[in-house]
Amino acid sequence: MEPRYIRANAQVIAASVIYGFAGIFFLYIKNMAAGPVVFCQLLLGFLVLAAYLAAAGKLSGVRLRGKRKAMLLLGAWQAGVMLSYYTAVNFTNVSMSVLLLYTAPLYVLLIAPVILKEKISTKNLVALTLSLIGVVVVVGPANLVSGAAGSDYLYGILMGLFSGFFYACIIMTSRYLRDEYSGLEQLFLSTGVTLVILLPFMLQVSSAVLLDNLPVLLFLGVMITSLGSILYFTGLEHVKAQNASIISLLEPVSAIFFAYLILNDPVSRATLFGCVLILASSLLMGLESESKT
């Protein structure tokens with residue numbers, strides 16, 4: 001394998017691991033709700049991305065071209081996935097939230113036949129079954145039926161499922177836009193839209209609270225939103241799509257692993273079994289979509 005391909009694979013691996021830290025570091029934020037955290041994270045990341053694109057001589061070429069409504073939607077989906085994911089982390093834990101985020105292929109499978117007029121294959125049905133069983137196992141059948149874990153916990157689960165739905169919307173909208181915009185262009189422009197949507201949330205936060213949380217916000221914005229994305233999208237240019245689908249599964253795996261090490265999040269056998277089922281479903285869907293492409 002050529003050095004540039006080795007480097008590209010290493011970049012995608014590093015980005016996936018970096019993304020896994022998002023939920024963990026969100027829990028170190030004090031006295032800030034999810035809305036202001038997401039705004040600050042994206043604002044800092046947006047500024048670093050702008051500097052990177054300017055240094056690479058690409059910033060002047062980043063502008064809205066065709067499919068503008070879809071780009072606006074992409075910004076709305078990004079706001080939805082981040083708000084619901086961080087809310088889920090707040091009310092459940094990192095492991096649960098990241099696995100529910102990765103139910104996105106389940107929603108893609110359910111929505112694609114309606115929007116894209118795609119037929120459901122046998123592989124799709126297997127993926128759907130694995131994902132549904134995985135969600136039930138992770139959440140716990142008793143909690144789903146009786147609400148034994150409490151209303152806050154169930155609210156967190158609902159937000160986690162919403163994060164998966166919004167993530168699915170991002171996947172489908174991004175596919176629609178990829179012949180018009182590169183990955184970094186989509187991220188940069190949609191982040192600008194998301195910042196406009198979330199601007200009212202900043203009215204809830206004092207300057208003292210912002211300064212107190214600045215180190216963690218810097219990590220979320222610079223390391224995850226900008227560095228992680230730059231590594232991922234530049235690496236993706238030289239990585240096979242199927243390899244990228246496999247590598248991206250490192251995000252939930254690393255999130256669960258580091259949440260256990262750093263936060264002492266419990267990892268039960270049910271969580272591990274559900275993790276295997278959900279990620280197997282995600283992998284099947286990723287390979288299926290790329291084989292069609």
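1. Order of elements. From the N terminus on, the chain runs α-α-α-α-α-α-α-α-α-α-α-α-α-α. That makes 14 helices and zero strands. Helices (H or I, at least four residues) and strands (E, at least two) are DSSP runs, numbered from the N terminus.

2. Basis. This is a predicted model, in which local features need pLDDT of at least 70 and side-chain atom pairs count only at pLDDT 80 or more, while totals for chains, interfaces and linings use all residues. Residues are numbered from 1 along each chain as its sequence is written, and side-chain values use heavy atoms, with hydrogens and water left out.

3. The chain has 293 residues, and 50% of them count as buried. Buried means under 20% relative accessible area, exposed over 50%, and partly exposed in between (1.4 Å probe, protein chains only). Contact means heavy atoms within 4.5 Å. Take the contacts between residues at least 6 apart in sequence: 89% join residues at least 24 apart.

4. Nonpolar cores. A nonpolar core is a set of buried Ala, Val, Leu, Ile, Met, Phe, Trp, Tyr and Cys residues joined through side-chain atoms within 4.5 Å. The largest one holds 74 residues, and Met-32, Val-37, Tyr-86 and Phe-188 touch the most other members. A second, separate core has six residues, including Tyr-107, Ile-111, Ala-168 and Met-172. Which residues does Met-32 touch, not counting those up to four places away in sequence? They are Val-37, Cys-40, Val-205, Val-209, Leu-210, Asn-213 and Leu-217.

5. Ser-16. Look in helix α1 (residues 3-19) for this residue, Ser-16. Ser-16 counts as buried because its relative accessible area is 2%. Its side chain reaches the backbone oxygen of Val-12 at 2.9 Å. Beyond its neighbours within four places in sequence, Ser-16 is in contact with Ile-247, Ser-248, Leu-250, Glu-251 and Ser-254.

6. Ser-163. Helix α9 (residues 151-177) holds Ser-163. Is Ser-163 buried or exposed? Ser-163 is buried, with a relative accessible area of 0%. Leaving out residues up to four places away in sequence, Ser-163 touches Val-81, Ser-84, Tyr-85, Leu-100 and Leu-101.

7. Leu-189. This residue, Leu-189, is in helix α10 (residues 183-198). Leu-189 has a relative accessible area of 15%, so it counts as buried. Leu-189 and Arg-63 are 126 residues apart along the chain, yet their C-alpha atoms are separated by 7.6 Å. Arg-63 is also among the residues that Leu-189 touches, with Val-62, Leu-64, Met-71 and Tyr-181, not counting residues up to four places away in sequence.

8. Thr-225. Helix α11 (residues 207-236) contains Thr-225. Thr-225 is buried, at 7% relative accessible area. Val-48 is 177 residues away from Thr-225 in sequence, but 9.0 Å away in space, C-alpha to C-alpha. Setting aside residues up to four places away in sequence, Thr-225 touches Gln-41, Leu-42, Gly-45, Leu-49, Leu-187 and Leu-220.

9. Second largest pocket. Its lining has 13 residues, and Asn-93, Met-96, Val-138, Ser-268 and Thr-271 lie nearest its centre. On a 1 Å grid over the protein atoms alone, a pocket is an open set of points where a 1.4 Å probe fits, with protein on both sides within 12 Å along at least five of seven lines; lining residues have an atom within 4 Å of a point. Helices α5 (94-101), α7 (122-139) and α14 (269-292) each supply at least two lining residues. The largest share, three residues, comes from α7.

Terms used: A polar contact is a pair of N or O atoms within 3.5 Å; within protein, one must be able to donate a hydrogen and the other to accept it, and residues adjacent in sequence count only if both atoms are side-chain atoms.
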